[in-house]
Amino acid sequence: MDLDTVKERAGPREFSPADDLPEEYREAATRMIEFHANSEIMGAYLERPFIRHAPSIDRKLAFSAKVQDEIGHGQLLYRAAESLGIKTREEMLDDLANGDGKFLNCFHYPMDSWVETPMIAFFVDGAAMRRQATLRRTSWEPYAHAMDKVCFEEGFHVKHGEDILRTLMTGSRKEQKLTQAAFETWWPRIIQFFGPTDDQSTHHDFAAAVGLKQKSNDELRNAFLDQYIPKARKYGLEIPDEPRIRERDDGTYEVVEDDLDWDEFFAIAKNEYEPGVGQIEGRRAAQEAVEWVRETIDDDATTADGHAPQAAD
Amino acid sequence: MAFDDPDTLEGRERRALETLVTRLADDQFVLAERYTEWQVRAPTLESDLALANNAQDELGHARLWYDVLEDIGLDEQDLVYERDPDDFRHSTLVERPFEEGDWADVVLRSYFYDAAEAVRLAALEDSAHPKIADRVGKIRSEEEYHLEHAQNWLERLADGESEGGDEDGHERLQNALDRLFPHALTLFEPVDPEREADIVELGLRDATLEELGEEWLSIVLPYLESLGLVVPVDIDEDDPEFTVTDDLLPDERGRDGTHTDAWYDLYDEFTHTYRELERSEPTKLMDTPQ
Amino acid sequence: MIWEVFRQEESGEYHTHCGNVHAPDREMAKQFAAIQHGRRKPTNSLWVVPKAEVGEIDADDVAFGGTTDKSYRWATTYRTTGEDAREVVESEDEQATAEQQRGDA
């Protein structure tokens, strides 16, 4: 199939591994899905310590289940990416370990305290879910199928995060103050989740033209602010003065881009931001430490009746 | 028997119940804490999901056991978040920290524990305490998966060849065994000999610790040997009765309130947020177990 | 040799099991399946899989989803304030349905 045909046919769930797709499509889709999968892993990496820090058995169970789900999403997404035939899961996980794999800006920051957990588990997950819901209509069928399952589970994550926020904001004054401070730290990063405005986004045009991406950065940022500013206020959080956000007459929002730190954002995008580098390195060390197990089971790998598995298609 | 009406329990009955159930709950709670360290660190995405499942199961079981003690006025706050670390009674097997990447440790530890759990739960099936007997059924079904999971891994690692002269799966398992076996034996050590006798006399459990320990050894020793692993005990073929002597046991035994340093670090970590936020009550999300 | 057959009705949908065919090899299994399972019902694609390669684990082997309370992993357990995002509501509804079906099973 040539690129013009792809653009012509590009509709929801239009292309599957049975189609002969041009390199440009397969590479763009791999880049996008790999980024998504990596983000699941690095988000889980950031949240794992809070399974232990959770202040009750029930919260601990929920946190463990949530981190487990994120790894499960990684599993689904790497497979959706792998089925494009550009990279194997192992190559993608290795690239994530060696610092070549890219992932979401928010997961490059450290998270030290329980009061920060709803910033990821409610706001970032809420933002991610806005985007993921639109990706159920992406043109790469395996990606859309993965999104069906991810969206099914993700409602638990967002509500779990919101419930933690609710507990904190109805708790002691100290808890409320600490939570507000964490919100002020995280708010600009959360706004940057959606990237720069559309005219500055590098990959958007092509991804939209071939149906991989369904909504632009601006549309998604708007949809997020529209839903989550009222939520934040409802729990008694004050929206920080910066970045300045203006509500237009048509109900959409304009974020003053100059109020955000884009040098930091683009350093992060290149995996050059310090806390993120440490987090990548921490995960690399963990992955390397169990390399011997993967070698052991790979050597033994056989199919059900004991013969060697067929090479992948 | 009075166990279906906790308000009528006498001192001796209460103490026996508390001793039995605290031990069950503490083992599961601390084991779950250690298992969760493997989340986002397991060898593959699939094995990560499976071990996380087992961690949640164990934590759910701890929750069910702690809840039994609510009937005698002890709640999660007393039992987990505000209890003195020296008053925890889990076996030292479950509190040991993991070396990074030591998957052999976690699967062997899991096997030791799950095999013991199967034996222990079987002896609680007809407990005089109706809540205990009832919960055993639900818990056993989940524990069966854990035991199979551990054995599946043990069999694959025990066969494992290494590439390029690295330590192979078999050697790693043997090292873990040498380290963990003394701690595993503490699973059957008494909290307090008098109370241990009461637990059986009052019908809370239908076997003594010695009997449970012997049964466990009769299962794990031949199995580990079949994998080519060496268990550091001499067993006389003619007299297979095996007695756990003091020199086989580690200095810290958990059951008697002595713990290794790693436990105090772990305790500080899991109570950290509760203390930092000056909480006085752990958040409940789920309904009280029936 | 028996091959299990999975049919996808339309592009973008899931392949679901629809039956099997006897065939000596993959090529013939595909040919037979196209007629046996694709000639009437709407079909966009078929997968054929050797039956011997299908592993099965069933409810007798394992208690799927566990036997103790796992309500912490369902959105319906959590209390929130104000209107939830559309996709969160959708996810919660799907979860409530799945919970219901698990309960009925």
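Select chains C and B first: twelve residues from chain C and twelve residues from chain B form the contact, which means heavy atoms within 4.5 Å. This is a predicted model, in which local features need pLDDT of at least 70 and side-chain atom pairs count only at pLDDT 80 or more, while totals for chains, interfaces and linings use all residues. Residues are numbered from 1 along each chain as its sequence is written, chains are lettered from A and ligands numbered from 1 in the order in which they are written, and side-chain values use heavy atoms, with hydrogens and water left out.

**The interface of chains C and B**

The buried area here is about 950 Å², with carbon and sulfur atoms giving 53%; the term denotes the accessible area (1.4 Å probe) that two parts lose on being put together, summed over both. Next, select Thr67(C), Thr68(C) and Tyr72(C), which supply 45% of the area that chain C buries against chain B, more than any other three residues.

Across this interface there are two salt bridges, each defined as a side-chain nitrogen of Lys or Arg within 4 Å of a carboxyl oxygen of Asp or Glu. Display the side chains of Asp57(B) and Lys70(C) to see a salt bridge with an N to O distance of 2.4 Å.

**Within chain C**

Colour chain C by its domain assignment (automatic or from a database): domain 1 covers 2–53 and domain 2 covers 57–105. The centres of these two domains, taken over C-alpha atoms, are separated by 32 Å.

Then select Glu4(C) and Lys51(C), whose side chains meet in a salt bridge at 3.4 Å, N to O. Glu4(C) belongs to strand β1 (residues 2–8) and Lys51(C) to the loop between β3 (45–50) and α2 (86–104), so the pair ties together parts of chain C 47 residues apart in sequence. Helices (H or I, at least four residues) and strands (E, at least two) are DSSP runs, numbered from the N terminus. Glu4(C) is buried at 8% relative accessible area, whereas Lys51(C) is partly exposed at 43%; buried means under 20%, exposed over 50%, and partly exposed in between (1.4 Å probe, protein chains only).

**Chains A and B**

Move to Lys231(A) and Glu162(A), a salt bridge whose closest N and O atoms are 2.7 Å apart. Lys231(A) lies in helix α10 (residues 217–234) and Glu162(A) in helix α7 (residues 141–169) of chain A; both residues are buried.

In chain B, select Glu196(B) and Arg23(B), which form a salt bridge with closest N and O atoms 2.7 Å apart. Glu196(B) is in helix α8 (residues 193–201) and Arg23(B) in helix α1 (residues 11–36), 173 residues apart.
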